[in-house]
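Subject: Handover of a structure and summary of findings

Dear colleague,

Please find below the structure that I am handing over to you.

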Amino acid sequence: EFGLARMLEADRRQLRLGADTQGVVVNGVDPSSDAARKGIQRGIVILSVDGRPVASAEAFSSAVNAAQRSGKAAVLLRVQAPGGQQPVFIPVRIKGD
């Protein structure tokens with residue numbers, strides 16, 4: 001549904017996040033996806049998936065795969081938008097095979 005990149009120091013500064021904050025930056029979104037309809041867009045940082053911190057695209061995929069294996073139809077993303085706003089939680093449907 002979307003592409004992810006490692007969060008850089010410049011991203012942390014722009015978002016006013018501490019140096020110890022981990023996450024992945026969204027660098028592309030399928031416009032027809034549930035994520036796009038829920039407001040996930042380029043530049044947003046995903047901090048966690050279902051309460052599991054994600055510091056890499058691999059950790060994100062692992063958390064989503066675990067949710068799929070347990071039969072979940074959606075995951076709860078904790079995201080930080082550009083501009084230093086408070087993180088918010090967004091439920092997003094996940095695609096099955």
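Predicted model: local features only at pLDDT ≥ 70, side-chain atom pairs only at ≥ 80, totals over all residues.

Residues are numbered from 1 along each chain as its sequence is written, and side-chain values use heavy atoms, with hydrogens and water left out.

Nonpolar cores

A nonpolar core is here a set of buried Ala, Val, Leu, Ile, Met, Phe, Trp, Tyr and Cys residues joined through side-chain atoms within 4.5 Å. Buried stands for under 20% relative accessible area, exposed for over 50%, and partly exposed for values in between (1.4 Å probe, protein chains only). Helices (H or I, at least four residues) and strands (E, at least two) are DSSP runs, numbered from the N terminus.

The largest nonpolar core has 19 residues, of which Phe-2, Ile-40, Ile-46, Val-49, Phe-60, Leu-77 and Val-79 touch the most other members. At least two residues of this core are supplied by each of strand 2 (24-29), strand 3 (45-49), helix 3 (57-69), strand 5 (74-80) and strand 6 (88-93). Helix 3 gives the largest share of the core, four residues. Leaving aside residues up to four places away in sequence, Phe-2 is in contact (heavy atoms within 4.5 Å) with Val-26, Gly-28, Val-29, Ala-35, Ile-46, Phe-60 and Leu-77. Another core, of six residues, lies apart from the largest one, and its members include Leu-15, Leu-17, Val-45 and Leu-47.

The largest pocket

Grid points are joined across faces, edges and corners, and a volume is the space filled by probe spheres set on the points.

The largest pocket has a volume of about 230 Å³. Its lining is made up of Glu-1, Phe-2, Phe-60, Ser-61, Val-64, Asn-65, Gln-68, Val-75, Leu-77, Val-92, Ile-94 and Lys-95. Helix 3 and strand 5 are the elements that give two or more residues to this lining, and the largest share, five residues, comes from helix 3. By class, the lining residues are seven nonpolar, three polar and two charged (Ala, Val, Leu, Ile, Met, Phe, Trp, Tyr, Cys and Pro count as nonpolar, Asp, Glu, Lys and Arg as charged, and the others, Gly among them, as polar).

Salt bridges

The whole structure holds three salt bridges (a side-chain nitrogen of Lys or Arg within 4 Å of a carboxyl oxygen of Asp or Glu). Asp-34, in helix 2 (residues 34-37), is buried at a relative accessible area of 5%. Beyond residues up to four places away in sequence, Asp-34 touches Glu-1, Pro-91, Val-92 and Arg-93.

Asp-34 pairs with Lys-38 in a salt bridge whose closest N and O atoms are 3.4 Å apart; Lys-38 is partly exposed, at 37%. Asp-34 also forms a salt bridge with Arg-93, with the closest N and O atoms 3.5 Å apart. Since Asp-34 lies in helix 2 and Arg-93 in strand 6, this pair ties together parts that are 59 residues apart in sequence. Arg-93 is partly exposed, at 47% relative accessibility.

Lys-72 and Asp-50 meet through their side chains in a salt bridge (2.9 Å, N to O). Lys-72 lies in the loop between helix 3 and strand 5 and Asp-50 in the loop between strand 3 and strand 4 (52-53), so this pair ties together parts that are 22 residues apart in sequence. Lys-72 is partly exposed at 40% relative accessibility. Salt bridges with shared partners join Asp-34, Lys-38 and Arg-93 into one network.

Asp-50 is partly exposed, with a relative accessible area of 29%, and has a phi near 50 degrees, a positive value in a residue other than glycine.

Pro-82 is located in the loop between strand 5 and strand 6 and is partly exposed, at 31% relative accessibility. Pro-82 and Val-45 are 37 residues apart in sequence and 8.0 Å apart in space, C-alpha to C-alpha. Not counting residues up to four places away in sequence, Pro-82 touches Gln-14, Leu-15, Gly-43 and Ile-44.

With kind regards

Terms used:
1 Å grid on protein atoms, 1.4 Å probe; cavity = no way out; pocket = protein on both sides within 12 Å on 5 of 7 lines; lining within 4 Å.
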